[in-house]
Amino acid sequence: MASEERRCIMHLDLDAFFAAVEQRDKPSLRGRPVIVGGLGGRGVVATASYEARRFGARSAMPTIEARRRCPAGTAFLSGRYAAYRASSEVVMGLLRERSPLVEQVSVDEAYVDLTPPAGPLGWDDGDLERWCGGLLTEITEATGGLTASIGLAPSKMMAKLASEMNKPAGVTVVRPGHELAVLHALSVRAIPGIGPATGARLHSFGVDTVADLARMSEADLVSIFGTAQGAALHRLARAEDDRPVVVEREAKSISVEETFESDVVDRGELETELGRMSQGLARRLEKAGVFARTITVKARQHDFTTQTRSGTLPFATGDPGVILREGRRLLRSVDVTSGLRLLGLGVAGLTAHAQEELTLDTAYPLLGQIELPDAVGLPEIDDDLQGAGSGDEPGSIDATEVGEEPRAVAGRLLPGWRTGQDVLHDEHGAGWVWGSGRGVVTVRFEGPRTAAGPVRTFAHDDPALHPADPPEWRDPPS
Ligand code: TTP
Ligand code: MG
């Protein structure tokens, strides 16, 4: 194909996205290791700042493991999804100014078809690297300092691989005709879609790089992996990928279902399956940066009659435990005595806002309507927090949190200050929760447009302290 006929596709991915937003909004954390994720006992890391990655912290690692690896002075924060959403929207807006063909694939990642006539850029145009660099500069300015990486290539697969090659803040252009030179040098495990199992299988046949894979015949690959996967691997090794950039409409629901090999009668087994599904749904919600209010269970009987049951929560959630609890409740109203051949779990009513953003007043009715998560009880008291009030020196940041959910203590709902949360104090102004426990909450008073600020400690129920919206990083219009 002549080069002018080849598509010019960009993949853009923000660098250490959640952590970068935290460092923008919390000046005292800039240049320091930051972990964003679940801070409870079984929490996992959503992302680690590049400083924290140097110590081996990674996405999806148990937070406890990240605590072990990272030095004192590392900040462990629970997420602020509204803040991530706001920055994501600014970036996606800038992409849509370049081309109408934008496919957002997660909160921080999108493909853009730049090929004329819809887009502004073909392979014969001048300095492509410079054009991309200009876009990155504009993104950094518009987001108050976030950086992104770009891959530009003739297909989605190559563009995505390219965007990962020079992170952070890198531009990698793979021109038509150069795909194989780039692709064949990579490990097969670097290819999206080749997971650990396929990777191990390939390795057992002596295939480690994509070049090794390209030497296998299609017939051999099909005999090992089956028709569909074998053919896909064969195409992949040749950089054959003609998937179009699809302008997505906002996802309205996410669901998973499982067809059983033989009908399942055992409720325990079905609930275990629901547990697995709710974990998967929660991961997808997290990745998309949204929360769900409606939970749906789908059950197909041995005779193929299908029932669906839906329940709507009084708040939106991304918590797998809450999704599971509602799913179980719904499943209880389904007769499973003759066995289910299919079970499905879905979430809908997606919003960018979670329960955690409710104020105390609106959260209060929850107590009457839903069972609170099992973990709810007396807050753990954190013994290391003693120095928090005086810990102004950088080395002492080890913000520790009491809980991620509103907590009921002796029938009373506490605000449950979350580490990293935005707050406003009537006298001291805007800040964020640096740590809490033992009936106190420590706040650092700083924001994206201030220098690093001081910490102060308050009673956890200080009436002058309020949850707040994410801070504005843009300068006010003059
Ligand atoms: P990624 O783009 O995969 O990661 P990243 O932006 O943090 O880092 P990189 O510089 O390598 O691109 O994911 C984007 C955001 O999605 C990430 O900041 C946090 C969130 N996320 C999760 O919540 N859970 C996950 O398992 C992953 C991988 C990401
Ligand atoms: Mg990213």
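Contact here means heavy atoms within 4.5 Å, and the legends below describe close-up views of a predicted model.

**View 1. The site of the magnesium ion (ligand 2) in the predicted model.** The magnesium ion (ligand 2) is coordinated by the OD atoms of Asp13 and Asp108 together with the O atom of Leu14, at 1.9 to 2.2 Å. Along the chain, the donors of this ion follow the spacing D-L-x93-D. Among the 6 donor atoms of the magnesium ion (ligand 2), the angles range from 79 to 178°, and the site is octahedral. For six octahedral donors, the ideal angles at a metal are 90 or 180 degrees. Asp13 and Leu14 are both buried.

**View 2. An open sheet of 4 strands.** The strands of this sheet are arranged in the order E9-E12-E10-E11, and their pairing is antiparallel. At the edges stand strand E9 (253–264) and strand E11 (306–317), each of which pairs on one side only. On average, and with direction ignored, neighbouring strands of the sheet are turned by 15° against each other.

**View 3. The pairing of strands E10 and E11.** Strand E10, which covers residues 291–301, pairs with E11 in the antiparallel sense over 8 bridges.

**View 4. Helix H12 lying across the strands.** Helix H12, made up of residues 267–288, lies across E9, E10, E11 and strand E12 (340–351).

Methods:
Residues are numbered from 1 along each chain as its sequence is written. Chains are lettered from A and ligands numbered from 1 in the order in which they are written. This is a predicted model: local features need pLDDT of at least 70, side-chain atom pairs count only at pLDDT 80 or more; totals for chains, interfaces and linings use all residues. Side-chain values use heavy atoms; hydrogens and water are left out. Donors are N, O and S atoms within 2.8 Å of the metal (3.2 Å for Na, K and Ca); water is not among the atoms, so sites may look incomplete. Four donors count as tetrahedral if all angles lie between 85 and 135 degrees; four count as square planar and six as octahedral if opposite donors are over 155 degrees apart and all others between 65 and 115; anything else is irregular. Buried means under 20% relative accessible area, exposed over 50%, partly exposed in between (1.4 Å probe, protein chains only). Two strands pair if DSSP finds at least two bridges between them. Helices (H or I, at least four residues) and strands (E, at least two) are DSSP runs, numbered from the N terminus. Axes are lines fitted to C-alpha atoms, for helices over the stretch in contact, and angles run from 0 to 180 degrees between N-to-C directions.
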